[in-house]
Amino acid sequence: MDEFLNFQISLLDGTAQAFSGSDGQDLILGLGGSDTLQGFGGDDYINGNIEVDVIDGGDGNDTLRGGMNNDIMTGGAGDDTIFGDFGADTITGGAGSDRFVLGQGRGGSDATTTDIITDYTDGEDKIILEGTLTSSDLTIIQGGGEFSADTVVQRTIDGEILAILKNVTSSAIEATDFLETPAASDDTGDTNVTAVSSVGSTVNFAGVDVTSEAAVSALGGPSISVGNTNLYIGFEQVSANNQDPRLVSFTNGVQDWYRTDYEVTNDDSTGTGLVWDSTTDSLYATFTSTGTQGSADQDFREFATNGWLSSYGQGGGGQVAIVARIDPATGNVQEATFVSALLSNGNSNTLRVTGLDLNGDNVVVEANSFFSPRRTDTTAMEQTVPGGSPFAYTIEFVPDLSAAVRAEAPTFGS
C-alpha cells in the first residue's frame, strides 16, 4: 500500500457506521455493515465493500468502489473514477470529468439488477471497460417503458445489462465514449494492452476443411489475429459420445499447423479461448475437461506435471478448465494447469473461463466458479456473502503456470 503513504487511512469494523474523512487525502475502507462514507476534500479512495452503502467522494479527484450489494454513490466535485462493482447501484458522478467503470459479470438481466448512472455527460465523461471487455462486445440501445429516455449498455453475446445511462440518447454513445484501458490503478494490477484475446462458445470442427482458413473462420468460434497469423480454437466431435480439442494456425491464409493430439481419451474436451502477446510470444489457450479417462500421456496431465493443479482431481462430470502455454511456432504445449472449483466433499466442480489477459508476463484468468473458488494455495475459499452459483472469480498465474499469485472472488473470503 505504498501508494497510500500520504493518505489518512481509516479501516472501519463490521458494524454500520457514518464516517467522514478529512480535508486531505483519505483511504476509507468499510469492511462490513451498511455504512455512510464521505470523503470531503482531497483526492480520496473509498471502498464500501460488502453491505449496502452510501458513498460520497466530496471535493477532489476521488476513486470510489461500491463493493457488493446495491449502493448509492456520488463522486461530488472533481474528476472521479467510480466502480459500481456488484449489485444494482445508483451512481452520480457530479461535477467534473468522471470515469464510470463497467465489467463483465457485474451487470444484471434488467433495470432492477444493474447500475443506474444518473448524470453521464457525453463528451465530458467516459466509460472504462475492465478486463478483456471492449466496445465491440457491446450493444447500445434506447430503453423502453419508463426507461424510454435512457440508454442501455449491454453485452451482445449474452444480453447482460452493464448499465443504464439516464436521460441519454443512445445515438449519442459511440466508441469514443469508452476507454478499454483502466484510467485508475486498482487491486487487479495493470494489464498488458498489447495482448489480443478471445474467449467464447466453443465450435465443432467436424466436417470442416481445416486446410481452408475461410471454412474454419466461418465457424465463428474464438480466434485471435497477430500480424498475418490467425489462430482458431474449438473441438471435433470424433464420435457420438466424444469431443476432442482442436487448435489451428494460419499465416497469410496458409495452414501453419493443426493440433489434434492434446487430449485423445474418451473424456469430452474442447477449446474455449486464446490470448497472445506477439512482443513476447506469450500464447495461452484454455480448454475444458469433464474427468479423467485413459493414461496421463493421452490428456493434459502430460503437460501439467509442474502445474498449479496437475490433474482434474476427485470425481468427474463437472466441466473444469485447463490453461496451457502454447509455442506459437509449432502448437506444442509447453506447460499447463488445471483450474477447478471445489465441492464440500472435495470433488472438483465446474469452472468456466470467461476472460483472458496478460499482466506483464503473468496470465490472468476470469471465470465463473460453480462452487468454492480456490485460493492461491489451491484450498477452497469460504463463502462470506449469501448467494447462488456461479461466482465471479479471477486468478493470476506466473508464466509457467506452476503457481498462482492472486485469487479473488468477491462473494468469498480470501
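**Salt bridges and strands**

Guide: A network of salt bridges links Glu-396, Arg-406 and Glu-408. Keep in mind that this is a predicted model.

Visitor: How many salt bridges does the structure hold?
Guide: There are six salt bridges in the structure. In general, oppositely charged side chains can pair when their charged atoms come close.

Visitor: Which residue forms a salt bridge with Glu-236?
Guide: Arg-246 does. The closest N and O atoms of that pair are 3.0 Å apart.

Visitor: Is Arg-246 buried or exposed?
Guide: Arg-246 is buried, at 6% relative accessible area. The cut-off for buried is under 20%. Glu-236 has 23%, so it counts as partly exposed.

Visitor: What does Arg-259 pair with?
Guide: Its side chain meets that of Asp-261 in a salt bridge, 3.0 Å from N to O. Arg-259 counts as buried, with 15% relative accessibility. Asp-261 is partly exposed, at 39%.

Visitor: And which residue forms a salt bridge with Arg-301?
Guide: That is Asp-299. The closest N and O atoms are 3.0 Å apart. Arg-301 is buried, with a relative accessible area of 18%. Asp-299 also counts as buried, at 7%.

Visitor: Switching to sheets. In what order do E19, E20, E21 and E22 come?
Guide: The order is E19-E20-E21-E22. These four strands form an open sheet with antiparallel pairing.

Visitor: Which strands stand at the edges?
Guide: Strand E19, 223-226, and strand E22, 254-259. Each has a single partner strand, so one side of each has no neighbour in the sheet.

Visitor: How are neighbouring strands turned against each other?
Guide: By 25° on average, ignoring direction.

Visitor: How many bridges join E21 to E22?
Guide: Five bridges join them, and the two strands run antiparallel. E21 covers residues 242-251. As for a facing pair, Val-248 stands opposite Tyr-258 in E22.

Visitor: What joins E29 to E30?
Guide: Eight bridges do, with the strands running antiparallel. E30 spans residues 362-369. Take Leu-356: its bridge partner in E30 is Val-365.

Visitor: How many residues lie between E29 and E30?
Guide: Two. The strands form a hairpin, and Gly-360 in the turn has a positive phi of about 65°.

Visitor: Zooming out, how many helices and strands does the protein have?
Guide: One helix and 32 strands.

Visitor: And what share of the residues counts as buried?
Guide: Of the protein's 414 residues, 48% count as buried. The accessible surface comes to about 16,700 Å². Carbon and sulfur atoms hold 46% of that surface.

Visitor: What about contacts between residues 24 or more positions apart?
Guide: They account for 47% of the protein's contacts with a separation of 6 or more.

Technical notes: Residues are numbered from 1 along each chain as its sequence is written. This is a predicted model: local features need pLDDT of at least 70, side-chain atom pairs count only at pLDDT 80 or more; totals for chains, interfaces and linings use all residues. Side-chain values use heavy atoms; hydrogens and water are left out. Two strands pair if DSSP finds at least two bridges between them. Axes are lines fitted to C-alpha atoms, for helices over the stretch in contact, and angles run from 0 to 180 degrees between N-to-C directions. A salt bridge is a side-chain nitrogen of Lys or Arg within 4 Å of a carboxyl oxygen of Asp or Glu. Buried means under 20% relative accessible area, exposed over 50%, partly exposed in between (1.4 Å probe, protein chains only). Contact means heavy atoms within 4.5 Å. Accessible areas come from the Shrake-Rupley method with a 1.4 Å probe; for residues, only the protein chains shown count as cover.
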